[in-house]
Amino acid sequence: MENTNTLPTVTPQQLFFKRWTTTIMVALGIIAITIWQYMLDPQATEAVLASTVRSSTPLVLGALCGLMGERSGVINIGIEGQMLMGAFIGFLANVWTGNLLFSVFAAVFSGAIMGLLLAYMSVTLKMDQIIGGTVINILALGLTGYFYQVGLTTDGKMQSISLGFLADIPIIGPALFNNPPITYATFVLVFLIHYILFHTKWGLRSRSVGEHPRAADTLGVNVFKVRYINVIAGGAIAGLAGAFLTLEAVGSFERAMTNGRGFVALAVMIFGKFTPFGAWGAALLFGFANAIQTQLQFADIQVPHQFIGMFPYILTIIVLSGFVGRTHIPAADGVPYEKE
Amino acid sequence: MKKLYLVFAVLAIAALALSACGSSEPEAATVSEDDCADEAVLCVGLVTDVGEIDDKSFNQSAWEGVQLAVDEMGAFSKYVETKDAKDYAANIGLFAEKDYDVIVTVGFAMGDATLAAAAEYPEIDFIGVDQGQWGGEVANVAGLIFPEDKSGFLAGALAAQMTETGTIAAVLGTDLVPPVVAFKEGYEAGALYINPDINLISTYHPGGMDVAFVDPEWGATTSKQAIDQGADVVFGAGGKTGNGALIEVASHEGSLCIGVDTDQWETVPEAQPCLITSAMKLITPGVFDLISASSAGEFPAGNFLGTVGLAPFHDFDDSVPQEVKDTLDEIDAGLQDGSITTGYGE
């Protein structure tokens, strides 16, 4: 039977523009403003861009942690706690050993342990995943606050490594190619996780487990194993975000120093439509808003600084409410899998 | 399986308890809290602002003032850490109900709770650190306040003389807290006093009271943004946020930083490579003086002005030229006799 009801044909190009128009417009707008500003004051513009990259780094890592879990069906609102634990253990390791590389591994490892705890609660025990994440947040806040002793000091933090002539490129050079190691690692991780999720067998399995675990199970995918590994890997990435805070950005630990970055990372992940590149772009936008509000104050321009800080959150609400394309949330996100 | 749930429940409760409870350590003294009702025993309670007693900043300085009173006058003392701004009144009540003689409340934000408690317990003397009594005097409340603008003025004058690039920065807590604003305005006025053409870049934390003073990462990122555009002296004023700024400056060779409140050479050793001085407000002696006044029955109601000044230069003593030191001394004298004004609050 012929289908007389012809659907309007949508070419891939049209689909592409439909999905990305807003993103491209925002990006072009920012690029235009940046170039204009660069002509007015190159030094300040490069400072703003470097600051953008720097404040976006923990958000990108947090969002990557979140989407590793959510793509395979485990909601992770414990990013904040995993980050804080990583920051604390990394700091302690640095105090005791003075070896920055070892400390980063300690932070990543402690984040992974927190990930294991979340996986155990949400996959094996089938606990409510929101409660599981909350337990992690409170546990991390309590443990780190209790065991932190004032007066512990470290020798220093990671320094920027300039990538030769690349760092001399105008405008973007200093922001992208003159960074400390964890920031470079973040750039690599964005590409790596995109590749794993969308171009490998493991990624396909992860996503299928997040969309329809029963179907995946029928086809012989071990749902529990996939979820465990992804949530633990996510925890390790959150641990790296913690290492960024204590070993690269601040060089010291303070109680509750994550200050909600784990939760902002969740917003970044959703804003980025559960994709690594989307999350990167969203995090850069959040970082940009932060850098701009600082710069406006530097320039003594009297805009209420809360107003600029609010901007990315308003965009997130707009994205969530579906005005800007649809965000596809993995269908089995937050649903514990019961094997029959 | 049920056992495991139990284990998690216990873990969760333990975590809650660890994060929620404010620790309070009674001093090993011969007197105990039960003797506080006795007229002869001087009992001093201290309520911190949101934050810890060992915050390397104003809570700690105030507590050291109380400890001085313990050593000198044999007082009994105890503190409670406020974990949430909603608990101000409850925490003050912990001491008031036990008939403490003096209660120290630390921080501008606790001003209203302090006045309310003072009305309820007229026989107790209240010392409010950073709480200006502008709404009229209350007989049993003394607001320990500081001319932060003068301290900031000295810091700004020093920064303007030490800078080589002609750009100096300030990374600050929130403008919701008047002392922070006073530090900033004084700093800028002091810098302009030395060099009217100086390029000043300063910024407040955009968050609310709950994060503005406890965000070292923002402080660090912001001070790098300032250094990247040529600032070579950074004034970090804003609790741990400011500390983050100081530590960041320390990793940029040739840049200087200025601490706040206490001599941060002692409290933030990571910043020693850049820490030229700190714009201090001497909370410890101020609290001690007020406790002694209360014990002597001469409690001054209303505003009690504490002293401010710059901390020692420590390792930078040789790199600060003598004429700079002389200028600072002149300015200090001028600020005290009123021949130089900071312009703040006029």
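1. Two residues are taken to be in contact if their C-beta atoms, placed from the backbone, lie within 7 Å. The model under review is predicted. On that criterion, chain A contributes 43 residues and chain B 35 residues to the contact between them.

2. On the side of chain A that touches chain B, the elements giving two or more residues are α2 (42–71), α5 (129–147), α10 (223–249), α12 (276–298) and α13 (305–320) of chain A. The most is given by α2(A), with 9 residues. Sorted by class, this side of chain A comprises 20 nonpolar, 18 polar and 5 charged residues.

3. Within chain A, helix α11 (residues 261–271) packs against α12(A), their axes coming within 7 Å and crossing at roughly 130°. An angle over 145 degrees would count as roughly antiparallel and one of 65 to 115 as roughly perpendicular, so α11(A) is oblique to α12(A). The crossing of these two helices is right-handed.

4. The residues that make this helix contact are A:V264, A:V268, A:M269 and A:F271 from α11(A), together with A:A279, A:A282, A:A283 and A:F286 from α12(A). By class, the contact has 8 nonpolar residues, with no polar and no charged ones.

5. In chain B, helix α8 (residues 216–228) has 13 residues and reaches 18 Å from its first C-alpha to its last, close to the 18 Å expected at 1.5 Å a residue. This helix is mostly covered, with 12 of its 13 residues buried; among them are B:W218, B:E217 and B:K224. After α8(B) comes B:G230, which has a positive phi, near 100°.

Methods
Residues are numbered from 1 along each chain as its sequence is written. Chains are lettered from A and ligands numbered from 1 in the order in which they are written. This is a predicted model: local features need pLDDT of at least 70, side-chain atom pairs count only at pLDDT 80 or more; totals for chains, interfaces and linings use all residues. Helices (H or I, at least four residues) and strands (E, at least two) are DSSP runs, numbered from the N terminus. Ala, Val, Leu, Ile, Met, Phe, Trp, Tyr, Cys and Pro count as nonpolar, Asp, Glu, Lys and Arg as charged, and the others, Gly among them, as polar. Axes are lines fitted to C-alpha atoms, for helices over the stretch in contact, and angles run from 0 to 180 degrees between N-to-C directions. Angles under 35 degrees count as roughly parallel, over 145 as roughly antiparallel, 65 to 115 as roughly perpendicular and the rest as oblique. A crossing is left-handed if the near helix is turned anticlockwise from the far one by less than a right angle, and right-handed if clockwise. The expected span of a helix is 1.5 Å times one less than its number of residues. A residue is buried if 20 or more other C-beta atoms lie within 10 Å of its own, exposed if 12 or fewer, and partly exposed in between; C-beta atoms are placed from the backbone.
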